[in-house]
Amino acid sequence: MMLDLGPFSDEKFDPKKWINSACQTRHSQDSLDNHLVDLEMKLQMVSEEISASLEEQSASALLRVPRATRDVVRLRDDAISLRGSVSGILQKLKKAEGSSAESIAALAKVDTVKQRMEAAYETLQDAAGLTQLSLTVEDVFASGDLPRAAETLANMRHCLSAVGEVAEFANIRKQLEVLEDRLDAMVQPRLTDALSNRKIDIARDLRGILIRIGRFKSLELHYTKVHLKYIKQLWEEFESRQRSSKIANEKNEVERISSNNEFQSSAPSVMFSSWLPSFYDELLLNLEQEWKWCMVAFPDDYRTLVPKLLVETMASVGGSFVSRINLATGDVVPETKALSKGILDILSGDMPKGIKLQTKHLEALIDLHNMTGTFARNIQHLFSESDLQVLLDTLKAVYFPYDTFKQRYGQMERAILSSEIAGVDLRGAVTRGIGAQGIELSETVRRMEESIPQVIVLLEAAVERCISFTGGSEADELILALDDIMLQYISTLQELLKSLRAVCGVDHDGVGSKKEVGFDKKEGVSNARKADISSEEEWSIVQGALQILTVADCLTSRSSVFEASLRATLARLSTSLSLSVFGSSLDQKQSQSANVDGHGELSVGGRAALDVAAVRLIDVPEKARKLFNLLDQSKDPRFHALPLASQRVAAFANAVNELVYDVLISKVRQRLSDVSRLPIWSSVEEQSAFHLPTFSAYPQTYVTSVGEYLLTLPQQLEPLAEGISTSDNNDEAQFFATEWMFKVAEGASALYMEQLRGIQYITDHGAQQLSVDIEYLSNVLSALSVPIPPALATFHTCLSTPRDQLKDLLKSDSGNQLDLPTANLVCKIRRVSLD
């Protein structure tokens, strides 16, 4: 058995555990005693071996100590010697530095003098060469060797820069400018021929001549001039085709009149919207050809030459482009087409009355803008190797014709939406007359409810138009327009609501419905107005009024959803148009190095800076900051995209609730209007000579009518609750119906108690009858689960108590169950003295 000495080196070595473990490894046939003896003997032998090894290694270590000591002493002596040598070297270096510094300073002065002498020598050579060149330059020009002439002029320019502003060479400076212009003029005809006939080598050589004399602008200008002619011919083709079409139509008209042929066909007119794509295709094809040719002819300049050509093209046709866009937007509507007018004319007011801006006008403008957007994307792809600033300038030129329209976008959208909102038919179709109020109310409410989704659709379409046309750059103007239009629409609803108050017979000269005091004058008007209204029509008015609640609920929910979607749209715009993407472009004009990755492709930030909205905002930093302030505010959960409209919606909902309450309580108000003046309160029970049985009093008609109305009210609210439950949950609908039932019941109680407080005197007979009336109404309220007001319960208790026991009742109660002010009032009415 071999011994494993590893466990003995463990810090947590346990002898007992090790012995038990060693015993478990013995053979089953060996006895435990023999195994332990054998184990003990092996441990003793290993121990002896370890002791012997330690003694041997200790003796060897003792022998090595003197040797190591001698080595340490030798190393110390060497270190001391090395330190002395280094100190000596440092002292020598210090001495050498002191003496050489003076020598170096002297050499520096000599070198400066040498450089100045060389510069003077070179200047003298340049001056001599300049004089020589000025004398021989005419011979060079006479030879017709343009490259040599360019080299001579370049050398003259170099010599002039070397000699500086020396008076003696002023004439040569003027002569040089004249000679450069002369050489430029000599190059131009050849350059025109080379560009026109695609002579690459000649064009490249002539470009080198112009670059040598610092006339790259001349190359750029001449290149643009040569190729702009063809592009302008493409642009003017539209007008020539229009003139041809007009002449053909006039000719056909003359032939039709002379031949009396009413069916003479006319030549179709050329529409700008159908012609523009073909122009863009031709222009793009021409630019692609120029790009490929310039890559070979001008490999260092093609990234700026071809974009410059497009910029100059758009600048030359920009004015007529705007005019054609304006007329094209008018062609889609017959009225404006007949007058040859467009959007800008309508906005300026230069139109006959009745002609307004329509959605078709703006949609036509957006279609044209989409065509330009497609062309711009193709240009961006074609010029992808150009610098970001070059691309920005090019795209600004492409979109330039639409800037005039974008600047007035808010005015356009406001005019269109205002016209569309005004065109929504809200009033009922039935002329008001006897028995027609209920029908008119129902029809008007139905149209009001149907108008809400129509208006929201119009507003959503405006948002889509804004994104499609401006990319969101005019979002701030759109928000203002939408807010104004919502105010216009809600104002129309509020005016309509006022007229519906008259239809419903609850127009109380603008006094709040819930002030249940001082109704006498109002009630007379209301009663006269309702004298000819049947009970069936009354319920029809009630149903119509309840439906107005659906209008308010629909307006609140739909406007809330629309405002939420508007905030989401602003959030998306905030992401795509954030200052972090192109904010530095507004201030620093990002360089290509910051916007092009290692593969020559535009980075994400660079591509974002070429968005149509960014191109629009890049030159109007104040507008950009205003827009971004709005977008930052939209991230706040408390932000209202349409703040004024939100307030007006809430006001409209309150006005609707007020109208509905007035309608529901009007019948109660009518029945209770004269309760305080009923003659029965002051009547005395007639005495009879015969002994007749007494019968219990019955509730009077006025209170039973009110009770029956209140008991029927849940049935009237049920259809409205069911309509609400389809869109929300049933519990909320049930709560809604119960809430309105409670409002009307509590209002009826308040009206009734107001009438009771108006009774001046009541007899015992009248008190008995009034007690029965109050008990009936209390039972109705209990059936509706409406709590009975303490004042009404006090009226009932005090009126049902015999007159001679009333005083004792008040003393025994002491305000525990009774409402003391009401109890005192009843005592006064019943002529009971409490003294």
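This is a predicted model: local features need pLDDT of at least 70, side-chain atom pairs count only at pLDDT 80 or more; totals for chains, interfaces and linings use all residues.

Trainee: Okay, α5 then. How many residues does α5 have?
Mentor: Helix α5 runs over residues 200–212 and has 13 residues. From first C-alpha to last, α5 reaches 18 Å, close to the 18 Å expected at 1.5 Å a residue. The expected span is 1.5 Å times one less than the number of residues, and helices are DSSP runs (H or I, at least four residues), numbered from the N terminus.

Trainee: Which residues of α5 are buried?
Mentor: Ala 203, Leu 206, Arg 207, Ile 209 and Leu 210. Buried means under 20% relative accessible area, exposed over 50%, and partly exposed in between (1.4 Å probe, protein chains only).

Trainee: And where do they sit around the axis of α5?
Mentor: On the same side of α5, because they cover an arc of only 155° around the axis. That arc is taken from the directions from the helix axis to the C-beta atoms. The face turned away from the buried side carries the exposed residues Asp 201 and Asp 205. Just after α5, Gly 214 takes a positive phi of about 75°.

Trainee: Which residues other than glycine have a positive phi?
Mentor: Ser 785 is one of them, with phi near 65°, and Arg 831 is another, at about 60°. Ser 785 lies in the loop between α27 (764–783) and α28 (790–800), and Ser 785 is exposed at 55% relative accessible area. Arg 831 is in the segment after α30 (820–829) and is partly exposed, at 46%.

Trainee: Switching to α8: is Arg 324 buried or exposed?
Mentor: Arg 324 lies in helix α8 (residues 302–330) and counts as buried, at 7% relative accessibility.

Trainee: What does the side chain of Arg 324 make a polar contact with?
Mentor: The side chain of Glu 239, at 3.3 Å. A polar contact is a pair of N or O atoms within 3.5 Å; within protein, one must be able to donate a hydrogen and the other to accept it, and residues adjacent in sequence count only if both atoms are side-chain atoms. Leaving aside neighbours within four places in sequence, Arg 324 is in contact (heavy atoms within 4.5 Å) with residues including Trp 235, Phe 272 and Trp 275.

Trainee: Last one: how many residues are in the largest nonpolar core?
Mentor: It has 185 residues, and those with the most contacts inside it include Phe 272, Phe 321 and Tyr 752. Helix α18 (residues 535–576) gives the most to this core, with 15 residues. A nonpolar core is a set of buried Ala, Val, Leu, Ile, Met, Phe, Trp, Tyr and Cys residues joined through side-chain atoms within 4.5 Å.

How values were computed
Residues are numbered from 1 along each chain as its sequence is written. Side-chain values use heavy atoms; hydrogens and water are left out. Helices (H or I, at least four residues) and strands (E, at least two) are DSSP runs, numbered from the N terminus.
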